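Dear colleague,

I am passing on the structure below, followed by notes on what was found in it. Please read the notes with the coordinates open beside them.

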Amino acid sequence: MIAHLMPSDSKQLPTDDEIQQRVLALDRAFLETKEKAGSTAVFAFLSAHSSDTETSDAKAQSTAFDITVGNVGDSRALLIRQNGGFKALTRDHKPSDAAEKRRIEAAGGVVRNDRIDGSLN
């Protein structure tokens, strides 16, 4: 099912809108399986690009990266730094969060006991 996020023939990183559409397509494909389960996911798209910098001694080339991350459900992505520090790149989609609760209710769901429709599924 992950092919819904990044087709193997793709040479470019998807736009934010394309990512959203692909996540929704993945969700529809999962629903069609009729499985009585849920899931969470974290994904990241990396794009490397080189940049030349001039210093007083020489010309140096370095590689910089752009990262696009996303998460679905109660999961998160962290960037772990070499020195042991970290940065949260996503936030959990918890039904107890006020904004998430409003989104769930606007989509016709109900939040009970900090769960969607009162259960994990």
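**Findings**

Leaving aside its neighbours within four places in sequence, Glu 100 is in contact (heavy atoms within 4.5 Å) with His 93, Lys 94 and Pro 95. This is a predicted model, in which local features need pLDDT of at least 70 and side-chain atom pairs count only at pLDDT 80 or more, while totals for chains, interfaces and linings use all residues. Residues are numbered from 1 along each chain as its sequence is written, and side-chain values use heavy atoms, with hydrogens and water left out.

Glu 100 lies in helix α2 (residues 98-106), helices being DSSP runs of H or I with at least four residues, and strands runs of E with at least two, numbered from the N terminus. Glu 100 counts as buried because its relative accessibility is 6%, where buried means under 20% relative accessible area, exposed over 50% and partly exposed in between (1.4 Å probe, protein chains only).

In helix α1, the buried residues are Ile 19, Arg 22, Val 23, Leu 26 and Ala 29. They are on the same side of α1, because they cover an arc of only 120° around the axis, taken from the directions from the helix axis to the C-beta atoms. An α-helix has 3.6 residues a turn, so residues three or four places apart point the same way. On the other side of α1, Asp 17, Leu 31 and Glu 32 are exposed, and the helix is followed by Lys 34, whose phi is positive, near 65°.

Ile 67, finally, is in strand β2 (residues 59-72) and counts as partly exposed because its relative accessibility is 44%.
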